[in-house]
Amino acid sequence: MSKVDSVIRHAITPPVFDKGKLHRERLVDRLHADIPKKLIALASPPGYGKSTLLADFTDQTDLPVCWVRLTEADRDVMRLVSVLWSSLSKRFRRLRGKLDLARLTASKPKAFARIITDVINDQVTEAFVLVLDDVQILNTSTQALEFMDALLKDLPDQMTIIASGREVLEVSLAELMASGALAGMGPADLALDEAEVEALSLIH
C-alpha cells in the first residue's frame, strides 16, 4: 500500500468510540433529530469533544456513516473530491467505478459537485450521513468552499453532511437556514450539563 493510499485510508476511517468515555445521549439524539437537514454544523474551540461526539454518534446510529478527516491537503479541490469519493465508495460498493476522477481534472468545482450528486442520486437510495471533521481547513480555500456550496445546494435528499470544526464552514448558511436545511451546535450546546458532569465523575 502506497503512502498516499495509507493517508487516505486513515482519513476515511471513522474513529472507534471509546466505551470508557461518556455516552452523550442527549446530543446523539439531537443529531438524529436533525438528520433530515442538509447540513448540521458543529463549531467550537478545541476541547469540547466534537470528534468524540461524532464517534459516539457513529457507534450508536443505524444509518450508514461516511467519514472524512480533513487535512491541509484538502484545500485542493481535486484532493478533496478524491478523499470524499473514497469515503463514499468505501461504504457504498456500488459507487466504485462510477466516477473517473482522472478524466475530470479540468472540471470546475461546481461541475465536480453536480457530477457527484448525480451519481449518488442514481446509485444510493437509503439515507446516510457524511461526516467532515476539521472543516475550518476549507475556509481558506475559495475553490473548496465553491465546491462545498454547490454540493450542499444540490445535495440529495437522502444525504446529510455533518461539518465539524473550530469554525463554521463558510458556505451559504443564510440560504440553508431560510430553506430549513441547516441545524447546528455551538460551545453552549456541546458543554457538559449537570447530569453529564455527574455521570462523568462516576466513570472516573
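**View 1. Q136 in the loop between β3 and α6.** In this predicted model, Q136 belongs to the loop that runs between strand β3 and helix α6 (142-153). Its relative accessibility is 16%, so Q136 counts as buried. Leaving aside residues up to four places away in sequence, Q136 touches G165, R166 and E167. Between Q136 and D154 there are 22 Å in space, C-alpha to C-alpha, while the two are 18 residues apart in sequence.

**View 2. D134, in the loop between β3 and α6.** The phi angle of D134 is near 70 degrees. That value is positive, and D134 is a residue other than glycine. Is D134 buried or partly exposed? With 31% relative accessibility, D134 counts as partly exposed.

**View 3. The aromatic pair of F92 and F128.** The count of aromatic pairs comes to one. The rings of F92 and F128 form this pair, with 5.0 Å from centre to centre. Their planes stand at 70 degrees to each other, and the pair is edge-to-face; the cut-off for that class is over 60 degrees. F92 lies in the loop between α4 (77-91) and α5 (109-123), and F128 lies in strand β3 (residues 128-133), so the pair ties together parts that are 36 residues apart in sequence.

**View 4. R91 and the ring of F92.** F92 also has a charged group at its ring. The charged end of R91 sits over the ring of F92, at 5.5 Å from the ring centre.

**View 5. The largest pocket.** The space in the largest pocket is about 290 Å³. It is lined by 16 residues, and those closest to its centre are L22, R24, G49, T52 and L192. Sorted by class, the lining has eight nonpolar residues, five polar residues and three charged residues. Which helix gives the most to this lining? Helix α3 (residues 50-60) does, with three residues.

**View 6. The buried residues of helix α3.** Within α3, the residues K50, L53, L54, A55, D56 and F57 are buried. Several other elements cover these buried residues. Among the helices that do so are α2 (25-34) and α8 (187-190). The strands that take part include β1 (39-43), β2 (65-69), β3 and β4 (159-165).

Conventions: Residues are numbered from 1 along each chain as its sequence is written. This is a predicted model: local features need pLDDT of at least 70, side-chain atom pairs count only at pLDDT 80 or more; totals for chains, interfaces and linings use all residues. Side-chain values use heavy atoms; hydrogens and water are left out. Rings of Phe, Tyr and Trp (its six-membered ring) pair if their centres lie within 6.5 Å; planes under 30 degrees apart count as stacked, over 60 as edge-to-face and the rest as tilted. Helices (H or I, at least four residues) and strands (E, at least two) are DSSP runs, numbered from the N terminus. A charge sits over a ring if NZ of Lys or CZ of Arg is within 6 Å of the ring centre and within 35 degrees of the ring normal. On a 1 Å grid over the protein atoms alone, a cavity is a set of points where a 1.4 Å probe fits but cannot get out, and a pocket is an open set with protein on both sides within 12 Å along at least five of seven lines; lining residues have an atom within 4 Å of a point. Grid points are joined across faces, edges and corners, and a volume is the space filled by probe spheres set on the points. Ala, Val, Leu, Ile, Met, Phe, Trp, Tyr, Cys and Pro count as nonpolar, Asp, Glu, Lys and Arg as charged, and the others, Gly among them, as polar. Buried means under 20% relative accessible area, exposed over 50%, partly exposed in between (1.4 Å probe, protein chains only). Contact means heavy atoms within 4.5 Å.
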